[in-house]
Amino acid sequence: MNNLLSYKIKFKIDDEIDKPLIKKTFAMSVFLGTISSIFSFLNDYILAYGDAESHLNIAKRVVSGLVPGLAQLGGVWLPLPHILLIPFVYFDSLWQTGLAGSIVSGVCFAISAIFIYKLTFLLVNKHSVSFLAAVVFITNPNILYLQSTPMSELPLIAFFLLNIYFFIKYLKKTDSILFLVSAAFFGFLASLSRYDGWFLVIIEALFVLILNLNKKGGLKIVEGNFLLFSSLAFYGMFLWIIWNYIIFKTPFYFLNSQFSAGSQQLAWLLRNELPAYKNIVLSFLYYFVTALSNSGIIIFAVAIMGLVYFLINKNETNKFFITLTLLSPFIFYVISLFLGQSVIFIPILTPESFEWRLFNVRYGVMMVPAASIFFAYFFKDLKKLSLIFVSSLLVFQTLLYVFGASSVISLADGVYGLSAAKKVDAEEWMKKNYDGGLVLLDDYSRTLSVIRSNIKMKDLIYIGTKPYWEESLDEPEKYAKWIVMQKEDEVWKKIYDRPEIQARLYKYFNKVYTSNEILIFKRI
Amino acid sequence: MKRKTFKLSGISGHNGISIIIPFNKKIAFFQYIKRISKILKQKKIKHEFLIIIENQDKFSIQKELPIKLIEEKNKTFSRYLSGINLSKYSMLALVDDELKYPPEILKEMVKKVSPLTDAVIISPKKIKKNLKFNFERFDVVLIKKERAQKIDQAYFESGQVLTSFIKNSAEFKVEFVETFLNSEKKQFSKLFYFFILSLKSKLTASGVTPFKNEIIKIKGEGFFYKGIEFISHTNLPLDENAFFNFSPQEKLLFFSLLILIFLGFLENWKYSLIVLIGVLTILYFSDLVFSLFLIIRAFVKNPEIRISDEEINKIDESKLPIYTIFCPLYKEWSVLSQFTKSIEKLDYPKEKLQVMLLLEENDKKTIEEANKLNLPSYFRILIVPDGVPKTKPKALNYGLKYAKGELAVIYDAEDIPQRDQLKKAFLAFKKIDKKIVCIQAKLNYYNPYQNLLTRLFAAEYSLWFDLILPGLQSIDAPIPLGGTSNHFRMNELKKLKGWDAFNVTEDCDLGIRLAKKGYKTAIMDSTTFEEANSRILNWYRQRSRWIKGYIQTYLVHMRKPHEFNLGKNINLIFFQLVVGGKVLSIFINPFMWLMTISYFLFKVTVGPIIESFYPPIVMYAGVVCLVFGNFLYLYSYMIGCAKRKYFELIKYVFLIPFYWFGMSLAGWKSLYEMITKPHFWAKTVHGFHLVKNQKEIISSLATNQKIDGEKVPIEALSG
C-alpha cells in the first residue's frame, strides 16, 4: 500500500495552514458563538427581527402545514438559507425557540472564521496576521449577534468567503480548474442565499474574462474559462428565475411582485423617505456609515489604512481583482440604494423628520469580513506583531461597545428599529385562549407571530395554502375555526370589507378579541 | 471389450427402432436424442438415430450415440424418405424436428406396439374443443418400416397429410396414445410437467462440445455448438464468456422478474408503477451521487501515475524488457501507414519491440497493403485463420500465443500514442503494486474539431478518461478498460486467459475480470490519440456495439457475483453503478425525458397524472436528479474538456443532451442486436479524417507541428 501511495500526488488544500491556529480559530468561534446564542436566547433576541420568524416559518412550512412542499419556499427570498434550516425546524422546539437558526448561522459563523484565516493567509502568508483577522471577525458583536439568529447574513458570509478564497487561489493560479470550479460552486451557493451573491458572481465572471485575455491561446481560453465558471456560478440565478416562472408564472416575480424589495421601497418613495434614491453620494455615505457602524469605528479606520497599504504595495498581484471582490457587497449596496431597490435608515444620516431612523443596518455586516482582513493586513509587515498595540486597539473597540459609545447596531435594529418584530397583545391573548383548530391569518402582513401565539404550522391557513386560502376568503366558515385580521390586511379586505362576507362571518363566528388594529373571531 | 447387447422386449416382432429426425439447431437437440436413447436403453430396445442434416461440414457427431447422418438438401417433408430407406430396424419412429413432445412420449407409444400393429400415433380424440392446441398434426409417429415403404410418396407432402392418411387408412392397424389427454386437468398437469422438463432441459444443457486436444493443436481453442465450429483461441470457460447471453439462472431470474412486474401490474398497476418509478429514481439518484463522488475524488486524489521526463531520461535502455504491441486490423489499410509511422516514432529500443499486426485471413486487401509496406524487422504480420467469431479479441488471443514480451500493449490501427508511452508504462509497472497488472493510458482524439460529432465525442472521452476513470482508480474500483492502450504484465495477462472472443467490448470485460481475480488497474498520465468517429451512422454502429458489449459484460459477470469478493466486496456495487447503471440509464432516459417534457408542456392535463405517480420523497429525489443531476452530468463534460485543455469545446457541451439522445437510440439498437446477433462486431470505419488532411497528419508526426491551424494536440505528437 505504501508503494501505491508513493506515486500518488496528494492534493492538499491545507498545506499552508498552521493547524494549531486553525484549531484555535475554530474553538474560539464555537465558544463565542455558543455564548452569544445563549445570551440571545436568554434575552429573547433570537427572534428579535421580524424577518427572523419569517425565515423559520418558511422552512417549517416545507415540512409541516396544510400543503407542505418545496413550493412553500416562495419566490422572493432566496431559498438556500431556508433549505439549510429545514432539518432543524422539523423539530417544533428548535422552530419555536429559533435555535434552528442559531445552529445554521452558528455553523456558518465557524466556517467563516476559518476561511477568514485562510483567506488572509493567502494574502499575507503569516499565521499570526491571519489569526488576527479571524479574531477581529469572531469578536465583532454584530456578527456574534446575527450568528445566533435565523437571518440569512451568516450563510451568505460563509459562502461569500469560501467563494472568494477559491477565487483568489484561482487568481494566483489561473490554470487551476479545481479552484475555478470551486469558486463557481460557492458562488452558486451564495447566489442562492442572498441577492448580494448575484452581484458577486457576475463581477467574478467579468474578472475571469479579463484575466484570461492576456493568456496565450486567445479567445478560446477566455471563452472556455468564462463558460466553465459562469455555467455553474450563474446556475443558481437561472434556477431561481425558472422557479419563479413555474410557481408564480412570471420569471421576475422576485423583482416585481408586491412582496419584492423594489415594491416595498416604492412605499418609502411615496412617503418621500428614500433618501439615497438616485443620489450616489448619499448612497455611498449611507452604506459607508452602515459598514463602519457594524465593523466598529477603530477596526474600520485601521482597515481603510490596511486597504490603502494593500493597494500601494507593489509586491501584491491581482490587487484590483481581490479588492473589488472583497468590496463587492459595498458596491452592490451602494448601487441598490441608488436604484431604490433597498433602503437603510441609520441615525447619523437619516433626518429626524423620518418616522423611523433605524432600519436594515445589518446590511453593513457584509463588510465585516473585508474589514477584518484589511485590518490585519495593515500589520502584515511589522517584524513582530505588537501584541500590546493590537490588543489595546481591540480592547478599546470593545470598550466602546460596552460603554455604549458604539452601539451593537444590528442588534439595536432588531430590538427597537423598524426591523424589530412587532409584538401585539393579541399574541398573548391567543396564546392563552387558542384551543386548536385551523386559523385564517394573513401571515405576510405579520398580523401576529405564529410562534408567540403558539399556533401549530399545520393549523394555519395563509396565502401559501391554496386552495384553503382562497376558499376561506369567500366562505370563512369552510375550514377555519379562528380568523385573525388586522386593519388593511388581506383577510380584513376580503372578509371584513365585503358586506356579504362580513355577514357570513358574523353568522358563523363570534368576535372574541378586539383591539385598535386586530380582531379575532372564533367559530360558534 | 465386451459389446453390450439389447434384448428385445415390449416391442416383440421388431428388431429395434430407427428414429428419423431432422436436425434442429435448438440448444436441447442433443439432450433430446440422448433422452430418447436413454429411454430405449432402459426398455432394452436397439435403436439408431438417422439425423437429417443440410450440411455435414458444420456438424459434429456425438460419438456416444448410434447416429447416422443423412445429408439432404430437400427441406420438404419428403426428406424422411431417405431415412426410411437407409434405416436398419423394422420399426421406425418419425419425429418432428420441432421437438414439441418430450421424449417420454415414445415410451408410451412403444407400449402400444404389438406384432400386428402397423403404426402408433398420438390420439386427438379427447381434446377439448376450447383448447387451442393443434393435435391434428404430425409430431411423433411409430410405423413399421415395411408399411412405411409402401406408402405412396404423395402422402409425404406434410406431417399432417401423413398422419391423416395413416389414421384413416383401412389397411393400417393403428394404435393411439392418449397420453395426457384423459381429462382437462390431467392434460394441463402433463403439459405443465413436459413444459418444466423441456425448460429444465433448455436451462441446463449448453449443447457445447469443446474441441478435443487434437483439434486444438490444429485449429486452436474452441468448441462446437449446434454443429457449428467456434474458435476463440482461449480456454476461458464458457460461463466466463459472452457466448450465451444469459446463464440459466439469469434467465430464470430475468423471467421471474418480468412475471413479477407483470403480475404486479395486473394486481394494481398504479401502485406497481409508483414502485417502479421509485426504484428507478433511487437508482438515478445513486448514480448522481456516485458520479459526483468520482469527480471530486479525481480532483482531490489525482491518482494517475505520473512519470517525469527526468525519470525517463535515467532509464538504462539495456535493461528494458521486450515489449509486445498488438495491433488488430480489419479492412483498415487506409490507416496502416499512419500506424506504422507512429510506432516507428515510439521512444523505445526497436530491437526490444515485437509489433504484431493481426490481420484476418479473409481481409486480402489489408494483407496485401501490409506486405507492400516494407515493414521494419520488428513488425510481424500474423494472419488470423478465418472462422467464427471474427472479432478483435479473438485476433488478440491468437496474437497472445506468439507474444514474447514481458509487457504488452494493444493499439488500434488509427492510434497515435505519445512517444514515451512505453517507457512510462515500464517505469510505472516498476513502481507500483504487483497487484496492478494493467495500466490504462488515457485516450483522446486527434480530430476533435473535425465536426460537431467529433467535438461532442472528444468531450465525452475527456470526461471518461480524465475524470471518471481516475475517480474509479482512486477508490480501487473495477475499471472498464478502454479499447486500446492497455498495458499489461504478460504473465498475468496469460493467467487471465486473454480476452473473451465473444464479447464485443472485450476491454471492458477484461477490466472487470481482472478486478474479480483480485488484480487492479491504474491510469497513467500519457495519452494515445485516436480518430473520433466523424460520421453519425458510423458512430451509431460503434456506440451500439459498445452498449451491447456493456450488456454482455454485465450479464457475464453477474453470473458469479460472489467472485467480486476476491477483490473487494464493494466492487460488486461499483460494478452495478459503473456498468449496470450506465446501461440501464441509457434505456430509461428517453422515458424520463418524455415524461418531463410532457409534464411541462401539458401541465394542466398530464401534470396531475404524472404527479400522482410520485410520492413526495420520490418526487424530491426526482427533482434533484432533474435539476442538479442533469446539470452535474452536463457540467462534468465541461470540466473534462477544461482538464484536457479543450477550451473551445466547452460551449458545445450545451448540445450534449442531443448526444445522450443518440446514445439512447444506439442503446435500443444494441438491445435488438443482443437478441439477433450478439457476437456481431459492427466494425468502425476509420480514416475519414485522412481524406482531408492525411498529409498534414503524417508530416506532423515528424515535425510535431499543428495541423492546418487546427489542434491536433501537440502533446500527441511529442509525447
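Me: Which helices do the buried residues of H10(A) pack against in this predicted model?

Reply: In this predicted model, the buried residues of H10(A) pack against helix H4 (80–89), helix H9 (153–172), helix H11 (196–213), helix H12 (219–233) and helix H13 (235–248) of chain A, together with helix H20 (616–643) of chain B. Of the 15 residues of H10(A), 12 are buried, so H10(A) is largely enclosed by the rest of the structure; among the buried ones are Phe179(A), Phe186(A), Phe188(A) and Gly187(A).

Me: What span should the 31 residues of helix H18 of chain B have, and how far apart are its end C-alpha atoms?

Reply: An α-helix has 3.6 residues a turn, so residues three or four places apart point the same way. At 1.5 Å a residue, helix H18 (residues 571–601) of chain B should span 45 Å, and its end C-alpha atoms are 42 Å apart, which agrees. A kink of about 40° does lie in H18(B), at Ile588(B), shortly before the proline Pro590(B).

Me: Which residues of H18(B) are buried, and which helices do they pack against?

Reply: The buried residues include Phe574(B), Phe575(B), Val578(B), Val579(B) and Ile586(B), and the buried residues of H18(B) pack against helix H14 (452–474), helix H16 (506–516), helix H17 (536–557) and helix H21 (656–676) of chain B.

Notes. Residues numbered from 1 in each chain as written. Chains lettered and ligands numbered in written order. Predicted model: local features only at pLDDT ≥ 70, side-chain atom pairs only at ≥ 80, totals over all residues. Helix = DSSP H or I, 4+ residues; strand = E, 2+ residues; numbered from the N terminus. Expected span 1.5 Å × (residues − 1). Bend = angle between axes of the 7 residues up to and from the residue. Buried ≥ 20, exposed ≤ 12 C-beta atoms within 10 Å, placed from the backbone. Contact = placed C-beta atoms within 7 Å.
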